[in-house]
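Have the sequence and the 3D view open side by side as you read.

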Amino acid sequence: MNDSFLDLLVPALDRLKDQFVGLPEARLQPPAMAEAAAALDEATRRMGDNYPYFHPLYAGQMLKPPHPAARAAYAMAMALNPNNHALDGGRASSRMEVEAVREIAGMFGWTEFLGHLTSGGTFANLEALWVAGQMAPGKKIVASEQAHYTHNRISAVLKLDYASVATDERGRMDLGALEQLLASGGVGTVVVTLGTTALGAVDPLDEIVALRQKYGFRLHVDAAYGGYFRLVSNLGAEAARAFAQISEADSIVVDPHKHGLQPYGCGCVLFRDPAMGRWYKHDSPYTYFTSQEMHLGEISLECSRAGASAVALWTTQRLLPLKRGGAFGRGLEQGRAAAGQLYRKIASDRRFVAGPAPELDIVVWAVQAHTLDESSRRAQEIFDRAAEGGLHLALAHLSGKFFAGAGWQGASEDSKVTCLRSVLMKPEHLAWVEEIGRRIQQAAGNLE
Ligand SMILES: *Cc1c(COP(=O)(O)O)cnc(C)c1O
């Protein structure tokens, strides 16, 4: 566990306190220390019931520890607990949000835009689809079968029609299926996922941009998980072409709390056209008094938001600028290299059926068996055995079509299999991938 943030935090809090000297003495309610310590101790004991997300042997779900500087900045800001809804509640942190978001937009090639942080990717996507619905009333939202499940639900919340588009055997949006849907009319917005949550598949954005010229639709890019891969230089050719077109989107979502080294509670939505701000117009009678400057609450659907999130993000980006060839991008490249190595190891093991070659840093594989049910059972068994041995993987239920060559008897086109999944999103995974592979083989034992 990385505790170095404490060494950063202590002097930061002193520095913060220095800036508020000269106030008359106020008797702030002291906590009852012994009782607080006891309650905290109880909470801490309960936290032991978690997987060790910070360790490279946690190689399961999409979880990445926040950077120590982000943790220190968040905790420092919490001493004031600013609210980024309005400048009254968070002066410095609102400006830091504006600066941090400008840098994220810059990563996608945008200098003029509208954007802000959100509590997460789901809310960021909700805002993007809400604006999309205003721009194309009565028209459909479409996304691939592998798009995040919340797009369907968000569309229902917004009372927008939704249709899903088939994917190819690699989990990317199928262009033929998309074009058929477009030709049938009524499509207002296409959601393109750059980095699907299950497989890390990258929809062919470049070719979808070309289709937009013919059919005309709004383009929303959901890059909640994958967005930061814009900075890396070891993508495959197709993924690189898709990422290179991201600036063509009308809106983009990226989650600093996924790959951006931030504590949870940090998503981001961006609109290419700053005029989209008009949809947010509202008339709050009590929040915006002290400044002519824009308040973030005037361009977001959420009201209260943690200013500490913006402070943590700003600090992290100050330390690790969002530049191609920089240290931050190198960290992502290491995870991606680790995924490639693990994939090759699994693909050459006769006990497994590898899924699609990883486009980002996610590896999925099924277990060889006569039937799909047997394969699912074995995946569960390997998952359990690996965990007993200290390696934490994830399970996924995916269409059998992603496992070409499995040859399961009696399996229909769309039957689903339980398979193993590993997200190698920590840079340290590269140094550990041999060990991870060894433990997977050990957990598979003498399956044949
Ligand atoms: C994680 C994810 C989301 C949802 O974001 P949250 O921050 O979990 O709300 C949406 N889309 C994609 C592609 C994701 O990976």
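**Around the ligand**

In this predicted model, a polar side-chain atom of D255 sits 2.6 Å from an oxygen atom of the ligand. Taken alone, the ligand would expose 380 Å², and the protein buries 87% of that. For T122, a side-chain N or O atom is 2.5 Å from a ligand oxygen, and for T197 the corresponding distance to an oxygen atom of the ligand is 2.9 Å.

Now widen the view to the whole shell. The ligand has 14 residues around it, and T122, D222, D255, H257 and K258 come nearest. What is the make-up of this shell in terms of nonpolar, polar and charged residues? It divides into two nonpolar, nine polar and three charged residues. Helix α5, residues 121-135, gives the most to the shell, with three residues.

Next, please find T193, in strand β4, which spans residues 187-193. Is T193 buried or exposed? Its relative accessible area is 3%, and because buried means under 20%, T193 counts as buried. Leaving aside residues up to four places away in sequence, T193 touches A147, A201, V202, D203 and D222.

From here, let's turn to helix α3, residues 68-78. Its buried residues are P68, A69, A70, A72, A73 and A77. What do these buried residues pack against? Their partners are α1, residues 5-18, and α10, residues 307-319.

Follow the chain onward into the loop between α3 and α4, the latter covering residues 91-107, and you will find N81. The backbone deserves a look here. Most residues other than glycine have a negative phi. N81 is not a glycine, yet its phi is positive, near 50°.

A second residue with a positive phi is K159, at about 60°, and it is not a glycine either. K159 lies in the loop between α6, residues 150-157, and β3, residues 162-165. Where T193 is buried, with a relative accessible area of 3%, K159 is exposed, with a relative accessible area of 75%. The cut-off for exposed is over 50%, so K159 falls in that class.

Technical notes: Residues are numbered from 1 along each chain as its sequence is written. This is a predicted model: local features need pLDDT of at least 70, side-chain atom pairs count only at pLDDT 80 or more; totals for chains, interfaces and linings use all residues. Side-chain values use heavy atoms; hydrogens and water are left out. Buried means under 20% relative accessible area, exposed over 50%, partly exposed in between (1.4 Å probe, protein chains only). Helices (H or I, at least four residues) and strands (E, at least two) are DSSP runs, numbered from the N terminus. Contact means heavy atoms within 4.5 Å. A residue is near a molecule or strand if one of its heavy atoms lies within 4 Å of it. A polar contact is a pair of N or O atoms within 3.5 Å; within protein, one must be able to donate a hydrogen and the other to accept it, and residues adjacent in sequence count only if both atoms are side-chain atoms. Accessible areas come from the Shrake-Rupley method with a 1.4 Å probe; for residues, only the protein chains shown count as cover. Ala, Val, Leu, Ile, Met, Phe, Trp, Tyr, Cys and Pro count as nonpolar, Asp, Glu, Lys and Arg as charged, and the others, Gly among them, as polar.
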